[in-house]
Each structure stands twice: as structure tokens, then as C-alpha cells.
Amino acid sequence: MDERFARRLLESRNVGIRQVRVEKTPQGSGEQFVRERYPVEVRAYRSQQRENVGLLVLTDADEMTVDQRRRTLDIALEQSGQTRREAAERIALMLPKRNMETWVWHLCGNVVDEETEYKPKPLPADGSSAGRGALQHLQ
């Protein structure tokens, strides 16, 4: 869902996405994957800085604050011998507090908070449509 959300968000903002490379999270910790991949992707971005190139990083803050999650990414850069992300760089961090579903629920007009779990519940065994919710349109 994260990739679909990011693509639709970029398209809705008229950001050209002719060539997009997506690093999909393998089985295991998505947070760890992003934290370990971030320095590699920043280095690649910095080596080819052009006006039409950017880096979009999407990871949940989970139980941390957004600032704490941002700091873990800063530390990962520093540990790889790189400087922190500069304001002028085209590196965007999308850091929903809880998870991406929180943003989707909000964008669908629902009132949300940063603590409630908004991930969809499994569909009922009887096959009824209850529980499909607002996330269906992203599938």
C-alpha cells in the first residue's frame, strides 16, 4: 500500500514519475530495511543530483515520535560517513506517526489521531463487505 499511496500522492501533485525505482521491503522489519537502505539511497541521489531527480523515503514512526524517527535516519547517514539531509536537497521524508493507513483514513475525510490503529481488519468469514473500509480504493 505504501507504494500505491506514494505514487497517487505524487500524481495528484503533478509530479512527473516517468522513471521511478522502488525498493520494496523484504520480509522482516520494514523500519530496519529503510534505516539500512537510506544511506545507500542518499549516496546514489547525491551522486546524480539533477533538477528532475529526487528521493522519497516512506517509513512509519510507529511508537516513536516523528522527530525521533527522523533522528534515526540522520544517525544512519552519519554512521555511513555522510552529512544529514540538507533543506535544499530533493529528499522528502514521509513519516506517518502510526502507519500509512492513518493518512489514508484522514485523506478520506475521517477524523484520526496518532495513537489509534487504522489498519484494516480481516474480512468476516461469512464474506460480507463489513470491514472493507476506505482503504479498498488503493488496492
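Me: What share of the 139 residues in the protein is buried?
Reply: This is a predicted model, so the answer describes a prediction. Buried here means under 20% relative accessible area. Of the 139 residues, the buried share is 29%.

Me: What is the accessible surface of the protein, and what part of it belongs to carbon and sulfur atoms?
Reply: The accessible surface comes to about 9400 Å². The part belonging to carbon and sulfur atoms is 48%.

Me: Which pattern does the protein follow along the sequence?
Reply: The secondary structure consists of 4 helices and 2 strands. Read in sequence order, these elements give α-α-β-α-β-α.

Me: What percentage of the contacts with a separation of 6 or more joins residues 24 or more positions apart?
Reply: The count takes contacts in the protein with a separation of 6 or more. Residues 24 or more positions apart account for 57%.

Me: Is the crossing of H2 and H3 left-handed or right-handed?
Reply: The axes of these helices cross at roughly 50°. The crossing is right-handed.

Me: Which residues of H3 meet H2, and how many residues of each class does the contact have?
Reply: On the H2 side are Glu31, Val34, Arg35, Tyr38, Pro39 and Val42. They meet Arg69, Thr72, Leu73, Ala76 and Leu77 in H3. By class, the contact has 7 nonpolar, 1 polar and 3 charged residues.

Me: Is Leu77 buried or exposed?
Reply: Leu77 sits in helix H3. Beyond its neighbours within four places in sequence, it contacts Tyr38, Pro39, Val42, Gln82, Thr83, Arg84 and Arg85. Its relative accessibility is 0%, so Leu77 counts as buried.

Me: How far apart in space are Leu77 and Arg35, C-alpha to C-alpha?
Reply: In sequence, the two residues are 42 residues apart. In space, the C-alpha separation is 9.0 Å.

Me: Which residues does Ala76 touch, not counting those up to four places away in sequence?
Reply: Ala76 is another residue of helix H3. With a relative accessible area of 8%, Ala76 is buried. Its C-alpha atom lies 9.9 Å from that of Val34, 42 residues apart along the chain. The residues Ala76 touches are Arg35 and Pro39.

Me: Which residues does Glu31 touch, not counting those up to four places away in sequence?
Reply: Glu31 belongs to helix H2. The C-alpha atoms of Glu31 and Leu58 are separated by 9.6 Å, and the two are 27 residues apart along the chain. The residues touched by Glu31 are Thr59 and Arg69.

Me: Why does Thr59 count as buried?
Reply: Thr59 lies in the loop between strand S1 (55–58) and H3. Not counting residues up to four places away in sequence, Thr59 touches Glu31, Val34, Arg69, Met94, Leu95 and Pro96. The cut-off for buried is under 20%. Thr59 counts as buried because its relative accessibility is 7%.

Me: What is the phi of Asp62?
Reply: Asp62 also lies in the loop between S1 and H3. At 32% relative accessibility, Asp62 is partly exposed. Most residues other than glycine have a negative phi. For Asp62, phi is positive, near 55°.

Me: What is the C-alpha separation of Glu89 and Gly54?
Reply: Glu89 lies in the loop between H3 and strand S2 (91–94). Its relative accessibility is 14%, so Glu89 counts as buried. Glu89 and Gly54 are 35 residues apart along the chain. Their C-alpha atoms are separated by 8.0 Å.

Me: Against which elements do the buried residues of H4 pack?
Reply: Helix H4 covers residues 100–107. Its buried residues are Met100, Glu101, Thr102 and Val104. They pack against helix H1 (2–12) and S1.

Me: Which residue with a positive phi follows H4?
Reply: The phi in question is near 95°. The residue is Gly109.

Note on methods
Residues are numbered from 1 along each chain as its sequence is written. This is a predicted model: local features need pLDDT of at least 70, side-chain atom pairs count only at pLDDT 80 or more; totals for chains, interfaces and linings use all residues. Side-chain values use heavy atoms; hydrogens and water are left out. Buried means under 20% relative accessible area, exposed over 50%, partly exposed in between (1.4 Å probe, protein chains only). Contact means heavy atoms within 4.5 Å. Accessible areas come from the Shrake-Rupley method with a 1.4 Å probe; for residues, only the protein chains shown count as cover. Axes are lines fitted to C-alpha atoms, for helices over the stretch in contact, and angles run from 0 to 180 degrees between N-to-C directions. A crossing is left-handed if the near helix is turned anticlockwise from the far one by less than a right angle, and right-handed if clockwise. Ala, Val, Leu, Ile, Met, Phe, Trp, Tyr, Cys and Pro count as nonpolar, Asp, Glu, Lys and Arg as charged, and the others, Gly among them, as polar.
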